[in-house]
Amino acid sequence: MPDKVKVATVWLDGCSGCHMSFLDIDHVLLDIADKIDLVYSPLVDNKDFPDMVDLTLVEGGVSSVDDRAKIIKIRKHTKLLLALGDCAITGNVPAMRNRYPVAAVEERAYIENADVNQRPPSLVVPKLLPKIQPVHTVVPVDIYLPGCPPPGPVIRDALVALLNGQMPDVSPRFG
Amino acid sequence: MHREEFEQIVQAERDKHRAYEHHINVCTALGCVAYGSEKVVDALEAEVKERGLEHKCKITGVGCLGLCGNGPIMKTEPDNQFYQSVKPSDSADIIDHLGKEPVKRIHLPQNSPFFIGQQRVVLSNAGKIDPEEIESALAFGAYRALFQAATEMTPTEVLREVTASGLRGRGGAGYPTGLKWSTVAKMDDTIKYIVCNGDEGDPGAFMDRSIMESDPHRILEGMAIAAYAVGATEGYIYVRAEYGLGIQRLKKAIRQAEKMGFLGNNIFDSPFSFNVQLRLGAGAFVCGEETALIASIEGQRGNPRPRPPYPAMSGLWGHSTLINNVETFANIAPIILNGSEWFAGIGTKKSAGTKVFALSGKVNRVGLIEVPMGITLRQIIEGIGGGIPDGRAFKAVQTGGPSGGCIPQEHLDTPVDYESLRELGSIMGSGGMVIMDDTSSMVSVARYFMEFCMDESCGKCIPCRVGTAQMHELLTRFVDKEATEADLELLEELCDMVSQTSLCGLGQSAPNPVMSTLRYFRDEYLQCIAPAQEPA
Amino acid sequence: MMPVKTFKIDGQDVSGREDETILEIARENDIFLPTLCNIAGLKPVGACRLCMVEVAGSNKLLPACATRVQEGMEVTTNSERLQKYRRMILEMLFVEGNHICSVCVANGHCELQWLAEKLGVDHTRLNYMFPAKEVDVSHYRYAIDHNRCILCTRCVRVCAEIEGAHTWDVSGRGIEAKVVTDLNTPWALSETCTECGKCVQVCPTGALFKKSRAVGEMVKDGQFLPYLKTMREVDNA
């Protein structure tokens, strides 16, 4: 039996809906479970991105310095990068902040709308970039699966094709 | 008006002109006015009055004399001496020296290289006549061609002359004028219009403005001859509202021509009638595009529409419309007067006649020039223009404005004609010629023109509306030296796509400055690509 | 009698009356051409440039919606070059506005979204411009979200040509152009609007919509136009 395909998933500025949709592929998960090794993901415990993975699915746009550093590092350690869902591909809903300066966004989020501790985060929360950017404007992306979220069957077909060594031929739409 | 009457008027005006022993013609076109030429006129008049020479010496505010960069410019006749950078305080000296050796310190010698190689056809009366007095124009042959056409020629004969002359549209694209006229003439339409495009808008271009300010009658005459030839009765001159002086002089010219019976009903007692109205543009470059211009005259938003149908088939209010540029119309009277053969003999075989250029930028002699087609760029820049100032080196010459391109050193010996310039990736354009020296960044030049196109895009079609903005952003990355190789690839793809898919000439030609600078100065783009760096 | 021309589209022999356009004949023969500004029943403006076709013997691309048929012309509708340009046009539309399909009232019923899917636009290499655009919800029944407007001017034309009100028009230019009601007054204050709602129905995206519609609930019906136009012609006859 050949080595299992090493797969990672990463969650940048998105709502986790794409990950939910990934889980929505139900029994197919079981079918492919013995073919893949989920080496890094919000769904698993591993905190360090492995040396080299075959395929990384990325959900969410690049919104903070942390996101940026993460995706640059991941790009170096993954063979195929798949942008999963509209946030990764267009910025989508999180990009609605792009028309406002970061300071105004933080003011709104951490002061105006906060009931307690009204102050902008200074330590733990990564610094926001001036604008959230689609992943492919930061690092090269190999495969795009738009959708908000991409429907389970689309993710399934794409994965199955990739596991069979083919590029997916799916035509999902934005939204 | 019969021939005798016309000849009488002309003769009377000529006699009046000749009654003066001396003429001092001071340029009062916009450039020289800005240098204070009106004060020079006042000072000269005062001086003449003080010496009691009113009947011997005539001071006339005239149109453009050419060397705009050294204004105010003036010329004395019959001495034929040019003066430059004249101040009111020079008046006494100038009058002292009439008929004698010229005043050395302000003298511009006739044999100055600025004049060598120039040939005035369009501007033949500019600098001679008072643009605000029709009598003055008549003394120099204005409306004689119209008289000849309307009373002695059939419309077909006029068409034949214009076609045989080889005249091509001076607005930039070089469409054969005779063919355009014949098409409109053949259209079976009860109402036809003549439109004169005076919406000159290229940065660095002021040819049409100078013609309007210097010899407005020449334009009216050309339009009237066109109307006679194609069977039109109404004409519009569309001028950008910023050209205040030109508009004022055109208005006066129209009123005076109507009074004399050169415009209006039954011109020269013939059945031919032609009325001209002025329309002012509200500051949109795209209104120089003929379909947008027509929409604007109609009172609509100045948006272009797809062609065909061309204005010749369906133009102003759906009627057959002949639309030509100011300079094109200004060529008509000389063609009728001197014959098509004479005109075809000037310039090159495929590009007949002369072309007026507005020479500007990093060149020693800035101004309005008129040269026969076929003259080389080098002759213009190094000869007439006197080369590059401050000991710098020539880098490129930009022709055709935002629709044109930048031509480098190695092509300076190219003859100026429609085809040669196009082969170099530029265009003749309406006549702007901006010279750049080695301090100019060609990427910045490209971005400048792209910004212009972005601002002036009407927004109707997507490739131009979004494409110009996208290309501008990419070019900004280059200017800021933050570009990537992918940016260069995308820029080139956008150039291709926008030029191929845009609705009108503005969008189709908007990538030209980028494409031509990429062609000749690619290194400068490559130098703006940031080295790939490891982000922290 | 109107002369009929025979010509070829993608090698297929077709015929059309001389006042018909390449687009009309293509549609009649089930040959797909993408369009956004065009809608049957309104005057073509040739603005979106999606229906550009190649015609043998001409080096210029021609908008099928605004090009009359000609005897013997050979039209190509779907070359690789055309496909590339079309995808780029769609990309341009996505980056110039703020099209957030997932929260749009027209999600699933949007012509822009549908064409992107059909032509295989799954991302864009152009730079998102993230413009600051307005939303006018002043009207009690309808609203316009300029973030989703692609300036097809269908609303302008249906209002002027069919309803005869000419409430809509375009203001500003270039990338700043936008559709406005009356002289750029809030919609609610428009004195010419008859509240007929035709503009909403012909709008290809979620820019114009009925209030109280949630995500994906705004289904458009532009099919009434040819009927209205025919009726008007009958009235005028």
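This is a predicted model: local features need pLDDT of at least 70, side-chain atom pairs count only at pLDDT 80 or more; totals for chains, interfaces and linings use all residues.
**Chain B as a whole**

Chain B holds 23 helices and 14 strands. Its C-alpha trace spans about 85 × 60 × 40 Å along the principal axes. A compact globule with 536 residues would have a radius of gyration near 24 Å, and chain B has 24 Å, so the two agree. Of the 536 residues in chain B, 57% are buried. Look also at the contacts in chain B with a separation of 6 or more: residues 24 or more positions apart account for 74% of them.

**Domains in chains B and C**

Where domain 1 of chain B meets domain 2 of chain B, the contact takes five residues from domain 1 and seven residues from domain 2. The domain 1 side of that contact has four nonpolar, one polar and no charged residues.

For chain C, the assignment gives domain 1 (4-78) and domain 2 (87-222). Here the C-alpha centres are separated by 26 Å. Eleven residues from domain 1 of chain C and 15 residues from domain 2 of chain C take part in the contact. On the domain 1 side, nine residues are nonpolar, none is polar and two are charged.

| Domain pair | Distance between C-alpha centres |
|---|---|
| Domain 1 of chain C and domain 2 of chain C | 26 Å |

**Where chain C meets chain B**

Now find the place where these two chains touch: 24 residues of chain C are in contact with 23 residues of chain B. Helix H2 (residues 80-96) of chain C gives the largest share of the chain C side, six residues. By class, the chain C side has 17 nonpolar, three polar and four charged residues.

**A covered strand in chain B**

Is strand S9 (residues 320-325) of chain B mostly covered or mostly open? Strand S9 of chain B is mostly covered, with six of its six residues buried. Ser320(B), Leu322(B) and Asn324(B) point one way from the strand, while Thr321(B), Ile323(B) and Asn325(B) point the other way. Strand S6 (residues 192-198) of chain B pairs with S9(B) in the parallel sense over six bridges. One pair to look for is Val195(B), whose bridge partner in S9(B) is Ile323(B).

**A sheet in chain C**

Chain C has an open sheet of three strands in the order S6-S7-S10, with antiparallel pairing. Strand S6 (135-136) and strand S10 (208-210) of chain C stand at the edges with a single partner strand each, so one side of each is left without a neighbour in the sheet. Strand S7 (residues 142-145) of chain C is joined to S10(C) by three bridges. In this pairing, Ala143(C) stands opposite Phe209(C).

**The largest nonpolar core**

The largest nonpolar core has 286 residues, and Val58(A), Ile225(B) and Ala226(B) touch the most other members. Helix H10 (residues 216-230) of chain B supplies the largest share of this core, ten residues. Leaving out residues up to four places away in sequence, the residues that Val58(A) touches include Val10(A), Leu12(A), Ile71(A) and Val135(A).

Technical notes: Residues are numbered from 1 along each chain as its sequence is written. Chains are lettered from A and ligands numbered from 1 in the order in which they are written. Helices (H or I, at least four residues) and strands (E, at least two) are DSSP runs, numbered from the N terminus. Ala, Val, Leu, Ile, Met, Phe, Trp, Tyr, Cys and Pro count as nonpolar, Asp, Glu, Lys and Arg as charged, and the others, Gly among them, as polar. A residue is buried if 20 or more other C-beta atoms lie within 10 Å of its own, exposed if 12 or fewer, and partly exposed in between; C-beta atoms are placed from the backbone. Two strands pair if DSSP finds at least two bridges between them. Domain bounds come from an automatic or database domain assignment. A nonpolar core is a set of buried Ala, Val, Leu, Ile, Met, Phe, Trp, Tyr and Cys residues joined through C-beta atoms within 7 Å. The radius of gyration is taken over C-alpha atoms; the globule rule is 2.2 Å times the number of residues to the power 0.38.
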